[in-house]
Amino acid sequence: MNVLLVGGAGSLIDNLIIKLNKEGHRVYLLTGNRYHKLPYQKVFERYNFTYDCSCLSEIFDSVNPDVTICMGAYDTNFKWLNEETESVKYSASLMNILMGYAMKNKGRFIYLSSERVYSGNYPEDILESEPTSPAGLRDMALAQAEEMCESYRKNRGLDIVTLRMDHLYGIPKNRMDVVDICNKMCLEVLEKKRITIRENSFFSLLYETDAIEFIYRVVSCREHKSSLYNIASSIPVSQRELAGIVWSIMGGEGGGEKVPETQSGGVVPSEENAGQGTASSIVVEKSEDGEYGEERRILSNKLFDSEFGNPFFCEIPVIVKKIAIQMQKNKYVFLTGEEAKPPLKERILKKAGWFLRAIVPFLENLILFIPFFMLNNRAVGSEYFTKLDFYLLYVLLFAIVYGQQQATFSAVLAVAGYCFRQMYDRSGFEVMLDADTYIWIAQLFILGLAVGYMRDQIIKMRKESEEEKDFLSLQLSDVQDINSSNVRVKDALETQIVNQYDSVGKIYSITSALDQYSPEEVLFYAAEMLGKLVKSKDVAIYTVSNASYARLFSSTSKKARVLGHSIKYTQMGAMSEALANRKVFINREMNQEYPLMAHAIYDNDEMQMILMVWGIPWESMTLGQANQLVVISALIQNAVVRSNRYMSALEDQRYVEDTQTLETSAFTALMNAYLTAQSKGLTECTVLRVKAEPEEYKEAGHLLMGKLRQTDYIGTLSDGGLYALLSNTNEQDAQFVMKRFAEIGYESHIVRDGDE
């Protein structure tokens with residue numbers, strides 16, 4: 001399956017990626033962040049787009065996900081520091097994600113919620129039917145998100161499931177991961193050497209690994225009965241019990257707890273520990289009224305267990321011990337919020353590397369100054385090089401290579417070298433009073449700084465052009481992503497029009513083959529052809545006999561006949577309502593009493609036939625498949641209408657005058673059509689021979705038709721006998737018809753293969 005994960009980086013989404021990859025699924029990731037390249041586990045393809053971008057629908061088209069998992073309440077892209085702003089952003093983001101999913105209208109959408117949608121005290125475990133009671137703005141946003149998912153599911157007919165997880169906890173990697181109550185207790189021990197609790201506060205804990213198993217069961221199931229499930233261990237734990245476990249591991253030997261006296265509205269250490277800065281204790285928080293009442297919020301997992309089973313739960317003390325060890329081992333990381341300090345050797349090498357990179361140009365400058373100083377001294381007395389200024393070349397060289405900074409430094413060295421050489425023949429005072437000296441220095445600095453400035457500007461322009469290039473490349477990448485999706489859609493449509501089995505051209509070419517069958521055979525082979533087009537082995541066609549009942553005419557399998565030979569379609573709930581409104585019925589609830597898809601064929605506002613299809617994969621029960629069924633129904637109707645018109649035109653030749661008894665040729669053709677269809681498994685029929693004299697055929701035909709259905713026939717064969725053709729009737733059911741014939745004085749027997 002193609003699975004699209006939507007959410008920020010974190011341990012929960014990383015564990016989901018690992019699980020899905022291990023199970024052989026292709027995982028795609030929508031990070032919800034454009035620029036921050038946060039670490040994730042390896043996925044097949046990663047989309048760094050925000051949730052409010054306009055190309056989410058193109059991403060869904062590109063991924064074509066069978067399952068979409070939205071991290072929802074556990075999305076680390078939302079920090080919830082300012083709840084008012086974040087709640088608006090959260091709702092808008094989820095709305096945009098749901099719109100992208102609804103436009104694709106494929107697969108299952110799983111939204112992860114939390115126990116925060118409830119507040120207060122619940123003496124019994126909270127069932128899914130219990131109305132939410134959010135307390136803060138964040139909790140209200142999560143509750144509204146659940147309602148939004150349910151609204152999309154009902155109004156758009158989408159497969160959306162909300163999984164509400166109860167007090168999820170895991171092993172943190174840094175301070176940002178400290179979000180659950182267990183991690184917060186461990187951090188409080190590290191920071192304050194105490195644990196603050198509320199007395200009479202009960203909840204249940206769900207470890208991340210267990211939650212992943214729960215989620216995967218919903219991901220991999222073919223169908224589900226509910227749209228909302230609680231995911232919880234339902235094992236009651238009090239804050240005092242959890243604090244005792246944490247304190248026994250992190251609070252030193254003995255783990256003794258000391259409950260101090262408290263003042264109204266706050267937590268005060270006990271007198272025994274007041275003077276000991278390193279002493280630890282468990283303190284009880286009290287409200288302004290004196291103390292908090294009992295608070296119990298435990299989600300019930302009975303509904304999930306009844307449908308998917310109850311997996312193994314990790315033991316809380318074992319996991320808490322792992323958390324405590326992890327946080328104690330990396331105390332610096334959790335106390336400061338920074339990354340762990342590397343070893344001293346690595347820090348020295350890192351700083352030394354920075355220092356070396358900074359000092360290298362100055363060392364090069366100093367080293368190269370020596371040969372230029374020597375060359376300048378040799379050129380002073382030379383006839384050929386006396387006019388060559390080696391110091392100027394030296395300054396220009398470093399100005400071109402390193403820029404203004406090194407040009408200034410090399411110019412200072414050059415001035416020092418020049419003055420030092422001049423003092424070989426003159427005093428320093430004379431050198432300072434020489435105007436040529438200042439002219440030479442000015443020339444040196446002006447040229448060096450000018451060339452260095454030009455070099456720096458060129459480098460700056462290059463960096464700006466590189467930044468602009470990166471920005472345009474990023475935009476180009478977005479355009480390419482969108483264009484590739486458009487190209488895939490265009491190619492798919494072209495392929496569908498030209499080659500696809502379910503294209504309109506192909507459908508018409510296949511259904512037009514019905515014209516080659518005789519009028520009696522059209523509906524039999526229409527069922528067979530419908531099964532090929534919708535890729536199902538279980539298809540049935542019912543003909544409507546009156547305003548309420550429909551009679552099975554043709555079917556392709558035993559499963560397609562599960563509703564029986566006769567149905568009262570007006571009492572089939574949502575199916576009858578959809579057919580009455582001339583819409584395609586899609587059994588999204590997977591109700592076994594109904595077909596997976598059904599559509600009615602009308603003629604002059606009267607329902608003539610009902611096409612029913614079973615055995616379709618749930619991922620194929622889409623709007624596109626429904627539209628395809630409408631097109632096929634219309635083409636089948638055309639063939640049936642032509643057949644009926646032909647029958648009506650020959651009605652005088654088909655029936656014995658003033659009777660409902662078919663002529664020999666017409667009855668022979670009809671019986672052969674039924675028997676051939678029966679041999680191919682498209683229908684059931686039974687032929688009865690009636691004992692009657694030829695002169696009685698007219699009266700007998702009239703009496704016998706009164707005992708038959710509208711879909712049964714009376715006629716004669718070439719042997720001169722009178723026969724009854726019972727459609728969709730086996731030999732056992734035919735016994736009832738034979739009794740009715742006997743009641744009016746006509747004996748009959750079943751004609752089998754080989755009978756004359």
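This is a predicted model: local features need pLDDT of at least 70, side-chain atom pairs count only at pLDDT 80 or more; totals for chains, interfaces and linings use all residues.
Residues are numbered from 1 along each chain as its sequence is written, and side-chain values use heavy atoms, with hydrogens and water left out.

Let me start with the sheet, which is open and consists of seven strands in the order 3-2-1-4-5-6-11, with parallel pairing. Strands here are DSSP runs of E with at least two residues, helices are runs of H or I with at least four, and both are numbered from the N terminus; two strands count as paired if DSSP finds at least two bridges between them. Strand 3 (45-47) and strand 11 (228-231) each have a single partner strand, so one side of each is left without a neighbour in the sheet. From one strand to the next, the twist averages 20°, where axes are lines fitted to C-alpha atoms, for helices over the stretch in contact, and angles run from 0 to 180 degrees between N-to-C directions.

Within the sheet, strand 1 (residues 2-6) pairs with strand 4 (residues 67-70) in the parallel sense over four bridges, and L5 has I69 as its bridge partner in strand 4. Helix 3 (residues 83-104) packs on this sheet and touches strand 1, strand 4, strand 5 (108-114) and strand 6 (159-165), its direction making about 160° with that of strand 5; contact means heavy atoms within 4.5 Å.

What about strand 6, and how many of its residues are buried? Seven of its seven residues are, buried meaning under 20% relative accessible area, exposed over 50%, and partly exposed in between, with a 1.4 Å probe and protein chains only. On one face these are D159, V161, L163 and M165, and on the other I160, T162 and R164. Strand 6 runs parallel to strand 5, joined by seven bridges, with I110 opposite V161. Four bridges join strand 6 to strand 11, also in parallel, and there T162 has L228 as its bridge partner.

I will finish with the largest nonpolar core, which has 76 residues, L5, I69, F109, L112 and M165 being those with the most contacts inside it. Such a core is a set of buried Ala, Val, Leu, Ile, Met, Phe, Trp, Tyr and Cys residues joined through side-chain atoms within 4.5 Å. Apart from it lies another core, of 28 residues, including V237 and I319.
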